[in-house]
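Please open the model in your viewer and keep the sequence panel beside it. This tour goes from one selection to the next and says what is to be found at each stop.

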Amino acid sequence: MTVLNILLLPFALTASTSALPLLERKTISLVLANRLADAAIMSCRAINKEAVVAVVDRGGNLIALQRGDDIGPHNTTAAQRKAFTALSTKTTTAALAQRAATDPTSRNLLTVPELLLLGGGVPLVVDGVVVGGIGVAGSGGAANDEHCATEAIAQVLSVTKSRR
């Protein structure tokens, strides 16, 4: 390579990569994740329950985790796996559990170690796009867990939409 080619190489790389299309995607911010977790904890407390709440972003990364008082340690992992499952499958974990129980072709979902087919995980949908997931565990059953998650979503995401 000549000296001129070496000097021009960074410009050639920049020019060739700038022609590539980039994707712009919405995801969950720390502020939004904390608001969702706060709202879910408060929703559980409104029914006299404590819980663990996990919020993951569109890549399945844990963004926020809050644990109520006197909740068993296994619930922390359960909440995170519920949030990941809801994000990954783009459906509630309760619906997924029902599908696995009634549809023989879906039973293999039980063998995927990262998924938890137990109610309390709900995908976070903004403008028709799944941008994350919320998982609640330890509030006294899957129905309570899902109630707390859906109440938080209704409260926080409806406020977020009205601010736009």
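**First stop: the salt bridges**

Select Arg-45, which at 36% relative accessibility counts as partly exposed. Bear in mind from here on that this is a predicted model. Side chains of opposite charge can pair when their charged atoms come close.

Select Lys-82 and Asp-145, whose side chains meet in a salt bridge with an N to O distance of 2.8 Å. Because Lys-82 lies in helix H3 and Asp-145 in helix H5 (residues 142-162), this pair ties together parts that are 63 residues apart in sequence. Are these two residues buried or exposed? Both Lys-82 and Asp-145 are buried.

Then select Asp-127 and Lys-26, where a further salt bridge is found, at 2.6 Å from N to O. Asp-127 lies in the loop between E3 and strand E4 (129-137), while Lys-26 lies in the loop between helix H1 (3-18) and helix H2 (30-46), so the pair ties together parts that are 101 residues apart in sequence. Asp-127 is partly exposed, with a relative accessible area of 48%, and Lys-26 is partly exposed too, with a value of 45%.

**Second stop: the hairpin**

E3 and E4 form a hairpin with two residues between them, and Asp-127 in the turn has a positive phi of about 55°. The two strands pair in the antiparallel sense over six bridges, and if you pick out Val-122 you will see that it stands opposite Ile-134 in E4. Five of the six residues of E3 are buried, so this strand is largely enclosed by the rest of the structure.

Select H3, in which the buried residues include Asn-75, Ala-78, Lys-82 and Leu-87. If you place a distance between its end C-alpha atoms, you should read 22 Å, which agrees with the 22 Å that its 16 residues should span at 1.5 Å a residue.

Move on to helix H4 (residues 93-102), whose buried residues are Thr-93, Leu-96 and Ala-100. They cover an arc of only 55° around the axis, which puts them on the same side of H4. An α-helix has 3.6 residues a turn, so residues three or four places apart point the same way. On the other side of H4, Ala-101 and Thr-102 are exposed. What covers the buried residues of H4 includes helix H3 (74-89) and strand E3 (121-126).

**Last stop: the nonpolar cores**

Finally, select Leu-36, Val-53, Val-55, Leu-124, Ile-134 and Val-136, which touch the most other members among the 25 residues of the largest nonpolar core. H2, strand E1 (52-57), E3, E4 and H5 each supply at least two residues of this core, and its largest share, eight residues, comes from H2. Centre the view on Leu-36 which, leaving aside its neighbours within four places in sequence, is in contact with residues including Val-55, Leu-124, Ile-134 and Ile-153. A second, separate core of eleven residues includes Ala-54, Ile-71, Ala-78 and Val-130.

Conventions:
Residues numbered from 1 in each chain as written. Predicted model: local features only at pLDDT ≥ 70, side-chain atom pairs only at ≥ 80, totals over all residues. Heavy atoms only, no water. Buried < 20%, exposed > 50% of the residue type's maximum accessible area, 1.4 Å probe, protein only. Helix = DSSP H or I, 4+ residues; strand = E, 2+ residues; numbered from the N terminus. Arc of directions from axis to C-beta. Contact = heavy atoms within 4.5 Å. Salt bridge = Lys/Arg side-chain N within 4 Å of Asp/Glu carboxyl O. Pairing = 2+ DSSP bridges. Expected span 1.5 Å × (residues − 1). Core = buried A, V, L, I, M, F, W, Y, C linked by side-chain atoms within 4.5 Å.
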